[in-house]
Amino acid sequence: MKNGVGVAQNIVLFGGTSEIGLAILNKLVKPGVSHVVLVSRDIDAAEVQIAAIAERYPDLEIHHVRFNADDSASMVHVVAEVVQQVGDIDVAVIAQGVLQEGIDYYANPAALLPVADVNFTGTMVLMYALAAQMRSQGYGKMVLLSSVAGERVRKGNPAYGATKAGIDGFALALDHELVGSGVSVLVVRPGFVTTKMTKGMDKAPFSTDADSVAAAVEKAISTTKTVIWVPGLLQYMFLILKNLPTAVWRRLPL
Amino acid sequence: MVMQRLSGWGRTAWTVADLVHTTDVDVVRSTIGAAGERGVISRGLGRSYGAAAQNAGGIVLEMTAENDPMGIDADFDPLTGLLTVASSVSIDAILRMCVPQGWFIPVTPGTRFVTVGGAIASDIHGKNHHIDGSFGQHVRSLSLMLSSGEIVELSPEQNPAWFWATVGGMGLTGVVLRATIAMLKIESSRVEVETVRLENFDAVCAAMSADGADDDYRYSVAWVDLLATGASMGRGVLTRGDHAAASKVDNKDPLAYDPRLTVSAPGWVPNGLLNKWSIKAFNEAWYRKAPAKSHIGLESIPAFFHPLDGVNRWNRLYGKQGFIQYQFIVPLDRTDVLRRVIEKFSGAGVASFLAVLKRMGPQNSAPMSFPTEGWTLTLDMAAGISGLAELLSEVDSLVLDAGGRHYLAKDSHVSASAVRRGYPRIDEWMSTQEEMDPIGLWRSDLSRRLGLVDHRRSL
């Protein structure tokens, strides 16, 4: 669980090489954290990424668990393996995701399957597995990295936007289901984040960076907030964008 | 099954557990028999500040007898002063029963709303530690339900290892059902108190040292102003006294006792009500109110021992974020560390309402008992202050490097390694604990964070 000053003992990052995920870890690891688990496809890469945090906190125990983010059914075992290594999961940062920008889905429609598996199906299985574990612990926090792309799905990469819309709605309802259990979900909706995932893409308006997302998560995690937007202004922008008539929406240069 | 959100008195780190309220031995036995792998911890009136009486995902046995229609479950002999009482009974109830008969609880903390079970589990101390020691030293015997459901009688003579592991054992050796306590004879319900204000920290320490005649007073404690700076840094108000003789009390019934709650904190308080400025103003007023020259007067038991109980639910004054109480002890010759700690907190702009300093007497036989010969400083602060985790970790190191330790009943943040360093007899205690609870039934949020019991032992 967390201690009296809001520091969680065991923190798990799903998508252990995610830039935003690691930036969040960097903020959440403070004196009092005892275990960090990086769950990733590439353990060597994850090890390199965590080196700076490990150096700052010599007493911190760092664990690695391998997973394939598109193997949805395996998520139950992945959670069980994490529990076996560290016991309780106090905070789970769910940061795995694929964008697949620039793929010609008309030529290869089945190419969208990994997008659905990683961003949606696998994440749903993972979150129920985590919820079951956390409910039995009487405490737990899931931090889901959603995206404003799910707010009103647009052309260009509808598969990505649709999976984010789906998982965002799922997570909010799951949080509702968990009321009273000591477990809650924080849904994070960043705008365009400049990371390796978006390298080479044109920056959208109100773009942000991994550190700003992490700072917003650190601030919100010990509150009862269910949703945060980064930057915060996007909440109001999307209130308008969501309600624009289709004819206007389709003409926007987004 | 009642799933309930619980926290300690500091209202931080809430977790959910299955709360079972009972004072019935058979219900206790059947409840622990049906416990799952998250185990059981007992809870009294919830006055420990951190997570000592919470058990996330497990069972919390709430054993309180505040509104028991059967009255107080106690057997008191006013000739010998021996009180045999259910663990669920509070010091408040004991005082109401015993003070009019001329007997006082031998050790009381700053609140009378703690149960006997909690007093033993935390081995609580009071303003008389330097003379009388802690609560466990006045317990003649206790009966304890083990995780097997068996009830054992423990005393310092009969199975001392198990007795002293239970004193200060944070509820992790079993459920205390009853205890026999040797009460303190008093002639009146008044305390003769000498109050003096002292202009800086050195003056406070000098007055409270053994050379400063502190041992002539049964009760002694100083309030210290942590926000005063420069030459006034650490100025304080020292109060010392003892129970007044009947002849000094100008009342036809010198033992009359009528504690009352005066006001209640409102249910909702804006965050940040207690801040650097409001506390500074309060501290100034408190200091100025105290006489510059030593003054002797009579005070009531609630006014002297339990000032905070005058405000019901005062813990809500810190707002939704809650607060933490930081209590540590350092050896007598390390007043330099006290100074550095005070400087660190005031340097970081952390305001503390009523920091309390006390000189403690020698340690008793309990391996996990907090008090040991030295200075203990207690301060509380809002939990939401940014950077608090880092600041406390630095202060923890100062305390531990000086050979000090933290009080587990107050703790809400220290690490497992801090407890290992602070309590050198922890391994001895853990092996006794394992002997008493081989199936690893007793668990709490505190024991999980601090690794007090081996959680790999499966039920």
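Residues count from 1 along each chain as its sequence is written, and chains are lettered from A, with ligands numbered from 1, in the order in which they are written. Because the model is predicted, local features need pLDDT of at least 70 and side-chain atom pairs count only at pLDDT 80 or more, while totals for chains, interfaces and linings use all residues.

**View 1**
The model scores an ipTM of 0.90 and a pTM of 0.93. For chain B the average pLDDT is 92, and 96% of its residues score at least 70; pLDDT is the predictor's confidence in each residue, from 0 to 100.

**View 1. Chain A as a whole.**
Chain A is built from 8 helices and 9 strands. Helices (H or I, at least four residues) and strands (E, at least two) are DSSP runs, numbered from the N terminus. Along its principal axes, the C-alpha trace of chain A spans about 55 × 35 × 35 Å. A compact globule of 254 residues would have a radius of gyration near 18 Å, and chain A agrees, because it has 18 Å. That radius is taken over C-alpha atoms, and the globule rule is 2.2 Å times the number of residues to the power 0.38.

**View 2. The parallel sheet of chain A.**
Here 7 strands of chain A make an open sheet, ordered 3-2-1-4-5-6-9, with parallel pairing. Strand 3 (61-66) and strand 9 (227-230) of chain A sit at the edges with a single partner strand each, so one side of each has no neighbour in the sheet. From one strand to the next, the twist averages 15°; axes are lines fitted to C-alpha atoms (for helices over the stretch in contact), and angles run from 0 to 180 degrees between N-to-C directions. Zoom in on strand 4 (residues 91-94) and strand 5 (residues 140-145) of chain A, and you'll find 4 bridges joining them. Val93(A) has Val143(A) as its bridge partner in strand 5 of chain A. Two strands count as paired if DSSP finds at least two bridges between them.

**View 3. The antiparallel sheet of chain B.**
In chain B, 5 strands form an open sheet in the order 5-6-10-8-9, and the pairing is antiparallel. Its edge strands are strand 5 (74-77) and strand 9 (151-154) of chain B, each pairing on one side only. The twist averages 10° from one strand to the next.

**View 4. Strand 8 of chain B and its partners.**
Strand 8 (residues 139-145) of chain B is joined to strand 9 of chain B by 4 bridges. Ser143(B) is bridged to Glu153(B), and Leu142(B) stands opposite Leu154(B). The hairpin of these two strands has 5 residues between them, and there Gly149(B) takes a positive phi near 95°. Strand 8 of chain B also has 6 bridges to strand 10 (residues 175-182) of chain B, where Leu144(B) has Val176(B) as its bridge partner.

Chain B is assigned domain 1 (74-186) and domain 2 (190-417), with bounds from an automatic or database domain assignment. Their centres, taken over C-alpha atoms, are 24 Å apart. The contact takes 30 residues from domain 1 and 28 residues from domain 2 of chain B; residues are in contact if their C-beta atoms, placed from the backbone, lie within 7 Å. On the domain 1 side, helix 4 of chain B gives the most, with 3 residues.

Definitions and conventions
Two residues are in contact if their C-beta atoms, placed from the backbone, lie within 7 Å.
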